[in-house]
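I open this notebook to record what I looked up, beginning with the ligand and going on to the sheet.

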Amino acid sequence: MADPLDRPHVALPRESGSTGPSLLLLHGTGGDEHDLLPLRELLSPGAAVLSPRGTVLEQGMPRFFRRLREGVFDEEDLSARADELAAFVTAAAEVHGTPPASLVAVGFSNGANIASALLLRHPALLRGAALFAAMVPYAEPPAAELAGLPVLVSNGARDPMIPRARTELLERQLRDRGAVVTDVPHPGGHQLDPEALRRTAGWLASLPTR
Ligand code: MLT
């Protein structure tokens with residue numbers, strides 16, 4: 001079996017004095033493992049960070065799973081790639097000192113969607129997740145026991161890809177499986193919103209230890 005760590009990624013050790021949650025950063029389509037690194041100082045200063053690159057190329061652009069067309073996911077590939085990412089996180093725990101259930105996934109767009117699939121398929125893997133510009137990953141999500149897992153969802157009122165009803169469906173799917181969902185809407189589009197990021201930093205600082 002190929003080494004699950006054998007994918008481009010950045011791993012940053014926790015800096016002394018840092019107390020916030022370790023982060024699993026998951027970029028959007030066309031991004032890479034460096035894209036979201038600036039969020040570390042904003043969200044969890046000095047925290048340990050894992051930031052992998054998506055292993056699927058769409059017209060040369062890295063992403064975390066295949067889609068059939070915009071907004072229509074190849075759900076079989078989504079699940080397979082979520083399992084691949086789970087293997088990466090588990091292997092990285094040994095090498096980089098980021099034990100499972102210590103990491104909060106922070107995903108943007110395609111990264112948020114793979115983070116949701118990771119939560120649903122591997123509920124014990126993460127301490128929580130912050131999902132930005134997040135869509136509904138599965139038409140029929142797996143029956144997962146999320147047992148109080150904290151999840152923040154921050155989508156834009158003007159996001160052309162995600163009507164409010166779809167955000168509410170995603171949140172309902174997560175709540176129905178036991179997640180404690182915090183909704184942080186913003187007036188923008190398919191983007192990271194500065195005020196929402198500030199609120200996310202406060203949410204991260206208040207997370208219960210799992
Ligand atoms: C996705 O495919 O995950 C979403 O459509 C977001 C994107 O990558 O455009």
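Entry 1, terms and source. I take a polar contact to be a pair of N or O atoms within 3.5 Å; within protein, one must be able to donate a hydrogen and the other to accept it, and residues adjacent in sequence count only if both atoms are side-chain atoms. The model is predicted, so local features need pLDDT of at least 70 and side-chain atom pairs count only at pLDDT 80 or more, while totals for chains, interfaces and linings use all residues. Residues are numbered from 1 along each chain as its sequence is written, and side-chain values use heavy atoms, with hydrogens and water left out.

For Asn110, I noted 2.9 Å between a side-chain N or O atom and an oxygen atom of the ligand. On its own the ligand has 260 Å² of accessible area, of which the protein covers 94% (Shrake-Rupley method, 1.4 Å probe). The residues around the ligand (a heavy atom within 4 Å) include Thr29, Phe65, Arg67 and Phe73.

I read an open sheet of 7 strands in the order β1-β3-β2-β8-β9-β10-β11, with mixed pairing. Strands are DSSP runs of E, at least two residues long, and helices are runs of H or I, at least four; two strands pair if DSSP finds at least two bridges between them. Because β1 (9–12) and β11 (180–183) each have a single partner strand, one side of each is left without a neighbour in the sheet. Strands β9 (residues 128–132) and β10 (residues 150–154) run parallel and are joined by 4 bridges. Leu131 stands opposite Val153 in β10.
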